[in-house]
Amino acid sequence: MALTIYGIAASRAIRPLWAAEELGLPYRHVPWHYNGPETREPAYLAINPNGTVPAIDDGGLLLFESLAITLHLAQTRPAGGLWSETPEGVAGLYQWTLWAATEIEPLARQWFHHTSFLPPEQRIESLATAALDKLQARLAVLERHLAGREWLVGERFSVADLNLAAVLQRLDALGRGELPHTRAWHQRCLARPAAQRAWALRQAKA
Ligand SMILES: N[C@@H](CCC(=O)N[C@@H](CS)C(=O)NCC(=O)O)C(=O)O
């Protein structure tokens with residue numbers, strides 16, 4: 001089944017690229033930039049009507065939302081080892097993925113926009129600080145969960161680790177204090193050969 005991944009690696013497309021690398025999937029990478037012009041064209045809007053990246057064409061199944069894409073890839077290729085065999089495990093994969101999407105990503109994005117992404121004249125320092133302040137309580141939850149365990153769900157690396165580690169890609173700047181379990185887990189995730197291969201694509205295009 002042919003898989004195409006749309007989106008420059010220096011974007012949320014890093015998430016499906018990393019998942020495809022973990023799963024050992026052959027894929028075609030179409031590294032279009034999120035600012036266009038290709039993502040504004042009708043041909044791409046037929047794939048992702050939001051005009052954002054990433055999106056995939058998985059043998060005719062069109063899908064947008066980076067974390068939905070990684071869940072789909074993991075679930076449909078269970079032999080790749082990113083999914084769980086038990087209902088409890090699957091529930092954990094959804095829990096941590098949705099936690100990443102709703103509790104972490106908006107704050108991480110707010111911080112990033114108001115420190116780096118927006119033109120300097122549009123940045124509001126108090127919004128960046130407020131996001132960091134709120135993130136610390138969330139990271140304390142993660143730190144407690146990771147005490148005494150290597151991975152978020154079960155005994156091995158899963159799509160939940162991939163999703164949360166990717167959403168927390170700027171952990172060095174987002175986490176105040178030591179957070180030893182969280183930082184060690186994050187390094188374990190990003191040191192994986194598949195993560196390194198995906199991030200190498202990002203360096204090449206950044
Ligand atoms: N929630 C979406 C967000 C997609 C998104 O906003 N992607 C950015 C790049 S990281 C983009 O395409 N921005 C261009 C735009 O908003 O026009 C996901 O996770 O896939």
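1. Rings of Phe, Tyr and Trp (its six-membered ring) pair if their centres lie within 6.5 Å, with planes under 30 degrees apart counted as stacked, over 60 as edge-to-face and the rest as tilted. On that basis, a search of the whole structure turns up nine aromatic pairs. The model is predicted, so to speak of local features pLDDT must be at least 70, side-chain atom pairs count only at pLDDT 80 or more, and totals for chains, interfaces and linings use all residues. Residues are numbered from 1 along each chain as its sequence is written, and side-chain values use heavy atoms, leaving out hydrogens and water.

2. One of the pairs is Trp32 with Tyr44: the ring centres are 6.0 Å apart and the planes stand at 80°, so this pair is edge-to-face. Trp32 sits in the loop between strand 2 (28-30) and helix 2 (42-45), and Tyr44 in helix 2, so the contact ties together parts 12 residues apart in sequence. Helices (H or I, at least four residues) and strands (E, at least two) are DSSP runs, numbered from the N terminus.

3. How buried or exposed are these two? Trp32, at 27% relative accessibility, counts as partly exposed, while Tyr44, at 1%, counts as buried. Here buried means under 20% relative accessible area, exposed over 50%, and partly exposed in between (1.4 Å probe, protein chains only).

4. Arg188 has its charged end over the ring of Trp151, 5.4 Å from the centre; the criterion is NZ of Lys or CZ of Arg within 6 Å of the ring centre and within 35 degrees of the ring normal.
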